[in-house]
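Subject: Handover of a protein structure

Dear colleague,

Please find below the sequence and the structure that I am handing over to you. My findings follow directly after them.

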Amino acid sequence: MTRKILVLPGDGIGPEITAQAGRVLAACQARGLDIEVEEAPVGGAAYDAEGHPLPDVTLAKARAADAVLLGAVGGPKWDKLEDIAKRPEKGLLGLRKELGLFGNLRPALLYPQLAEASTLKPEVVSGLDIMIVRELTGGIYFGQPRGIEERDGQRVGYNTYVYSEAEIERIGRVAFEMARKRGGKLCSVDKANVLEVTMLWREVMERLAAEYPDVELSHMYVDNAAMQLVRAPKQFDVVVTGNMFGDILSDAAAMLTGSIGMLPSASLNESGQGMYEPCHGSAPDIAGQNVANPLATILSVAMMLRYSLGEAELAERIEAAVGRVLDDGLRTADIASEGCRTVSTTEMGDAVLAAFEAL
Ligand code: NAI
Ligand code: MG
């Protein structure tokens with residue numbers, strides 16, 4: 001059965017990095033992977049062309065696809081758009097919501113070749129390999145009621161932090177399954193000493209733990225988790241948490257590696273369909289210069305193969321190719337270092353493809 005992949009290049013460096021990822025997809029195709037790859041506009045590019053950051057046609061194609069690869073959206077050109085619903089970021093949020101992408105996987109992996117890119121001491125971060133599983137479609141970012149209104153002569157702003165048992169359970173299962181495949185350790189992050197919603201969260205995680213006797217479950221309050229991530233990050237393997245805590249902790253964990261251009265991500269729905277994208281944004285400051293690091297997007301393709309297409313071997317081959325290229329001392333400008341050769345976006349793509357073929 002031919003699987004459908006939709007590529008959404010987006011804005012800024014998006015087209016440059018997805019072009020390199022597209023070459024890797026083509027190389028997989030040449031090795032017998034049965035896929036059909038299509039492109040569609042999203043974000044500011046879609047607004048310019050069609051007046052909306054998520055055109056109906058793009059959404060329909062995304063729904064029909066087995067997996068979506070997104071570059072990045074946004075840029076100063078669209079920041080002043082009066083109609084907030086038309087801003088590029090709304091294209092991304094719309095996709096997450098419409099596809100029901102509740103399970104966000106954010107690995108923080110430090111390549112040994114890039115240990116010096118981290119601001120932390122090498123002994124604290126070397127060998128770091130964390131997977132943060134963040135709930136993406138619920139919690140305080142979506143809870144109702146919400147708003148700003150006048151109460152007793154004062155303006156107040158409020159949001160609602162709400163999770164149903166079913167929502168907690170489904171993200172919990174993603175995390176337990178992940179822990180089972182990795183090191184067998186899962187840390188659930190909450191604020192159960194203060195927030196009822198996370199008391200329920202903790203209860204559901206405990207209940208699930210009985211079904212996964214091979215996984216060692218621990219709990220941590222979010223404030224402590226923030227401290228521990230910086231103090232001794234290697235104590236973590238898989239971390240599961242809600243939308244807001246996950247937003248903050250996953251960015252902090254990503255920065256432990258020091259190289260935003262290296263980090264992929266996945267967002268999955270209940271049927272295993274997923275959207276894959278680099279963690280970074282559209283980097284308008286370097287767009288169009290052929291200097292952006294395409295590796296986060298190429299590694300997002302590897303995640304796509306692993307999580308949506310069931311092609312773990314090809315995924316490993318891509319990851320190994322990236323490792324090989326780093327071993328060979330090739331670096332884009334963002335990870336440049338002494339004694340290494342600084343290469344362009346396309347040269348990095350060339351090198352990954354060559355390593356992929358040679359492995
Ligand atoms: P950013 O991640 O785009 O850039 C931050 C810094 O990292 C910049 O100096 C940039 O040049 C560098 N950088 C990022 N990716 C890189 C890569 N692959 N290779 C080399 N250097 C790279 O974040 P920023 O500047 O806050 O946002 C820029 C735009 O991107 C904004 O419009 C923002 O809304 C949007 N954005 C979009 C996201 C998405 O589509 N998922 C996520 C984050 C931001
Ligand atoms: Mg964030």
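The word "domain" needs explaining before anything else: domain bounds here come from an automatic or database domain assignment. Please also keep in mind that this is a predicted model.

In the protein, the assignment gives domain 1, made of residues 1-101 + 269-359, and domain 2, made of residues 103-264. Between the C-alpha centres of domain 1 and domain 2 there is a distance of 24 Å. Where the two touch, domain 1 contributes 22 residues and domain 2 contributes 16 residues. On the side of domain 1, the elements giving two or more residues are α5 (88-99), β12 (274-278), α11 (295-307) and α12 (312-327). Of these, α11 gives the most, with 5 residues. Sorted by class, that side of domain 1 has 10 nonpolar, 7 polar and 5 charged residues.

Turning to the protein as a whole, there are 13 helices and 14 strands. A compact globule of 359 residues would have a radius of gyration near 21 Å, and the 20 Å of the protein agrees with this. The C-alpha trace spans about 60 × 50 × 45 Å along its principal axes. Of the 359 residues, 47% count as buried.

The UniProt record, an unreviewed entry, places the feature "domain: Isopropylmalate dehydrogenase-like" at residues 4-352. Over residues 4-352, the chain is 42% helix and 22% strand, and the end C-alpha atoms lie 23 Å apart.

R96 lies in helix α5. Is R96 buried or partly exposed? R96 is partly exposed, because 16 other C-beta atoms lie within 10 Å. Leaving aside neighbours within four places in sequence, R96 is in contact with L101, L136, T137 and S267. R106, for its part, lies in strand β4, residues 103-109. With 23 other C-beta atoms within 10 Å, R106 is buried.

Ligand 1 is surrounded by 22 residues, of which the closest are G74, G261, H280, G281 and N293. By class, this shell has 11 nonpolar, 7 polar and 4 charged residues.

One of the closest residues, G261, is found in the loop between α10 (243-256) and β11 (264-268). G261 is buried, with 23 other C-beta atoms within 10 Å. Apart from neighbours within four places in sequence, the contacts of G261 are H280, N293, L295, A296, T332, D334 and I335. By contrast, the C-alpha atoms of G261 and G310, which are 49 residues apart along the chain, are separated by 25 Å.

Yours sincerely,
A colleague

Notes: Residues numbered from 1 in each chain as written. Chains lettered and ligands numbered in written order. Predicted model: local features only at pLDDT ≥ 70, side-chain atom pairs only at ≥ 80, totals over all residues. Near = placed C-beta within 6 Å. Nonpolar A, V, L, I, M, F, W, Y, C, P; charged D, E, K, R; others polar. Helix = DSSP H or I, 4+ residues; strand = E, 2+ residues; numbered from the N terminus. Rg over C-alpha atoms; globule rule 2.2 N^0.38 Å. Buried ≥ 20, exposed ≤ 12 C-beta atoms within 10 Å, placed from the backbone. UniProt positions renumbered as here; feature names shortened; annotations may be inferred. Contact = placed C-beta atoms within 7 Å.
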